[in-house]
Amino acid sequence: MISKDPAGVGVPDAQRSAEDEGCVVGETPAQAHDVAAPYPDADIEDAIEGHARFRAAFEKDRAFFRDLATTKQKPRLLWIGCSDSRVVPAQITGADPGELFEIRNIANSVPPADSFDDSVGAAIEYAIEHLGIDDIVVCGHTGCGGVAALIEGDAIGDDTHLARWVDLTRPAHALIRAAGVDGPERADETAKAHVQFQIDNLMTYAIVADGVASGRITVHGWLYDMHEGRLFAYDSADGAWRDLLGEGS
Ligand SMILES: [Zn+2]
C-alpha cells in the first residue's frame, strides 16, 4: 500500500493504512479508519475526530462543495490577519468557504514591497491580478502576542526569523510611545497603529496603489476586540476607530 508518509514519522501503521484510504490506486483499503481507535497524540486525535464531523457535514452539503471544487474561486475579500488561533476570520465575518482569500501571519504584517519577504506580496498580486478582489482588509486584534513581543522583550533572539518579523511592528511602537500612551491601553493602541502602518505598507505595492488611485480597490483597517467579539474600523478621514456595526464603543 502506498503511504502518504513514506518515512512513517509519527504515524502508527494502523493509522497509516487508514489514512491511505482514498489515495490508493487499484487496491481496496483493508479497513476503514476508526476515529474511536486510541491514538498516542491527543491533539492529532482531536483533529481526526473533527475531520470526521466535517466529513458528515460535507456529505450533507455535497452540492455546495462540488461547486467549490469545480469552479474557480471568487473570494469577496483579501483578508490580512494575524495567525492567532483565537481570531478566526471566517467565524467573525460569517464567511463561507470560498469567500475569504487569507494572508495570515504573526501580527497581521505587510512587509514593504522592497523588503525581504515575497510571500505576502505574492498573495497580494494573486488576489488582485488573478482573483479580481477589490476589497482588502487588514485586521489586527486586541491581545496580539506578535505586537506585544517588542513591548515585553520576549525571548525572540536577535537574529531569528521571529525577531526580523516582529520588527515590522516597531514603527507602531515608536508612534504610541511618542504619543505617551502607557498602561493597559498601550498594547491595543499599538495594535491599532500597526494596522494603520500596514495600510501604508500595502500602498508600497504598485498594484495596490494604482488600484486605490483609480477607485477600483478599497483598503480597510479593522481591529477585532477579543473581549467583546466586536470589529472596529479605522476611519482615515479623522483617524478614529469606530464599531463596524455602529454600536458605539
Ligand atoms: Zn496577533
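Me: What makes H8 and H9 a packed pair, and at what angle do they pack?
Reply: Helix H8 (residues 170-178) packs with helix H9 (residues 185-202) at about 125°, their axes being 8 Å apart. Axes are lines fitted to C-alpha atoms, for helices over the stretch in contact, and angles run from 0 to 180 degrees between N-to-C directions. Helices (H or I, at least four residues) and strands (E, at least two) are DSSP runs, numbered from the N terminus. This is a predicted model, where local features need pLDDT of at least 70, side-chain atom pairs count only at pLDDT 80 or more, and totals for chains, interfaces and linings use all residues. Residues are numbered from 1 along each chain as its sequence is written.

Me: Why are H8 and H9 called oblique to each other?
Reply: Angles under 35 degrees count as roughly parallel, over 145 as roughly antiparallel, 65 to 115 as roughly perpendicular and the rest as oblique. The angle is about 125°, so H8 and H9 are oblique.

Me: How do you know which residues of H8 meet H9?
Reply: Contact requires C-beta atoms, placed from the backbone, within 7 Å. In H8, Pro 171, Ala 172, His 173, Leu 175 and Ile 176 meet residues of H9, including Arg 186 and Phe 197.

Me: What makes S2 and S6 edge strands?
Reply: Two strands pair if DSSP finds at least two bridges between them. The open sheet has 6 strands in the order S2-S1-S3-S4-S5-S6, and strand S2 (100-105) and strand S6 (240-243) each pair on one side only.

Me: How do you know that S3 and S4 pair, and in which sense?
Reply: Strand S3 (residues 135-141) and strand S4 (residues 218-225) share 7 bridges, in the parallel sense.

Note on methods: Contact = placed C-beta atoms within 7 Å.
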